[in-house]
Amino acid sequence: MAPTLAVPPVVRFPGPPVDDGSAARPVPGHNRWHPDIPAVAEVITGGSVRMECQGREPGEDAVLCGPLVVVGAEPGDVIVVDVLGVGRSDGVYAPHGHPGVIGCAPAAISPVGEAPGGPVADGGILLGRLRAGQPGFARAAAESVRSEARGREIGGCGIARLGTSSRILLPVHVRGAKLSVGDLHFPASAAGDCRFEGRPGWIDLRVNLTRRGVERFNVTGPLLMAGPM
């Protein structure tokens, strides 16, 4: 069964409200990685953004919020992502929280994913604004990789506790970086327990761009600097 998207993820920018009187921009989520997934918004270097993520259904792939274009980012650059805050959407106080998945779009995907006619046909694959029936959907769906299946190319709380004051350095593989995040966890203890499914919540990020960071600083994978819990 496809995940139920009763409340889509939201990208919320600080600053003046948009035409509907709020600062929220509802956007469709994605549960796969692929470079052709369209961006939902953009941010300049030094800018901050709030990304509201839906919960993770038991047994389902995490639905990520994004991708977010970092203006001017090119392959070989590095984006520096600072976590400014994390919280639950239901208003329940959480002493800390962190994303289960955060990363940039991959440069290319080998056609080893699910073949069209399988999960593609029943709607199980979500590619954001690239929808079933649109040109390129079937190819992107067949080439796509599950949201948590990129191993050392993405960061998450399974590796480090990426709560408030954490910093994540991510190498850029495609123009604009296309940053996505989701599967937020709010452990009940200070141990950073990630055994439970992700909950709906928000995460505030500040993004900076470092030119040629892969070459200059040898950042070939996510560099995670966990903050105090």
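Q: Where does Ile102 lie?
A: In this predicted model, Ile102 is part of strand β8, which covers residues 98–104.

Q: What makes Ile102 count as buried?
A: The relative accessibility of Ile102 is 0%. Buried means under 20%, so Ile102 belongs in that class.

Q: Which residues is Ile102 in contact with, leaving aside its neighbours within four places in sequence?
A: There's quite a list: Val81, Ile154, Gly155, Leu162, Ile168, Leu170, Leu179, Ser180, Val181 and Leu205. Take Ile168, one of them: Ile102 and Ile168 are 66 residues apart in sequence, and their C-alpha atoms are 8.9 Å apart in space.

Q: How do you know that Ile102 and Ile168 are in contact, with 8.9 Å between their C-alpha atoms?
A: Contact is judged on heavy atoms within 4.5 Å, whereas the 8.9 Å runs from C-alpha to C-alpha. Ile168 is listed among the contacts of Ile102, so some of their heavy atoms meet that 4.5 Å cut-off.

Q: What is the bridge partner of Val81 in β10?
A: Ile168 again. Val81 is also among the contacts of Ile102.

Q: How do you know that β7 and β10 pair?
A: You need at least two bridges to call it pairing, and β7 and β10 have five, in the antiparallel sense. So the two strands pass the test.

Q: What makes β7 and β12 a pair?
A: Here the count is 10 bridges, again antiparallel. With at least two required, β7 and β12 (residues 201–210) therefore count as paired. In β12, Gly201 stands opposite Arg88.

Q: Why is β7 called largely enclosed by the rest of the structure?
A: Because 10 of its 11 residues are buried.

Q: Why is the link between Arg167 and Asp82 called a salt bridge?
A: Their side chains come to 2.6 Å, N to O. The limit is 4 Å, so the pair qualifies. Arg167 lies in β10 (residues 167–171) and Asp82 in β7 (residues 78–88), so this bridge ties together parts that are 85 residues apart in sequence.

Q: Are Arg167 and Asp82 each buried, exposed or partly exposed, and what makes them so?
A: Arg167 has 37% relative accessibility, which falls between the 20% and 50% limits, so Arg167 is partly exposed. Asp82 has 8%, under the 20% limit, so Asp82 is buried.

Q: Why is the charged end of Arg150 said to sit over the ring of Trp33?
A: Its distance from the ring centre is 4.7 Å, which is within the 6 Å limit. Arg50 also lies over a ring face, that of Trp202, at 3.9 Å from the ring centre.

Q: How many salt bridges does the structure hold?
A: The structure holds 12. Arg32, Asp61 and Arg146 are linked in a network of them.

Q: What makes the link between the side chains of Arg32 and Asp61 a polar contact as well?
A: The distance is 3.1 Å, and the limit is 3.5 Å, so the pair passes. Arg32 is in strand β3 (residues 32–33) and is buried, with a relative accessible area of 2%.

Q: Why is Ser147 called buried?
A: Its relative accessible area is 0%, and anything under 20% is buried. Ser147 is in the loop between β9 (145–146) and β10. The side chain of Ser147 reaches the backbone oxygen of Ala62 at 3.0 Å, and the contacts of Ser147 include Arg32 and Asp61.

Methods:
Residues are numbered from 1 along each chain as its sequence is written. This is a predicted model: local features need pLDDT of at least 70, side-chain atom pairs count only at pLDDT 80 or more; totals for chains, interfaces and linings use all residues. Side-chain values use heavy atoms; hydrogens and water are left out. Helices (H or I, at least four residues) and strands (E, at least two) are DSSP runs, numbered from the N terminus. Buried means under 20% relative accessible area, exposed over 50%, partly exposed in between (1.4 Å probe, protein chains only). A polar contact is a pair of N or O atoms within 3.5 Å; within protein, one must be able to donate a hydrogen and the other to accept it, and residues adjacent in sequence count only if both atoms are side-chain atoms. A charge sits over a ring if NZ of Lys or CZ of Arg is within 6 Å of the ring centre and within 35 degrees of the ring normal.
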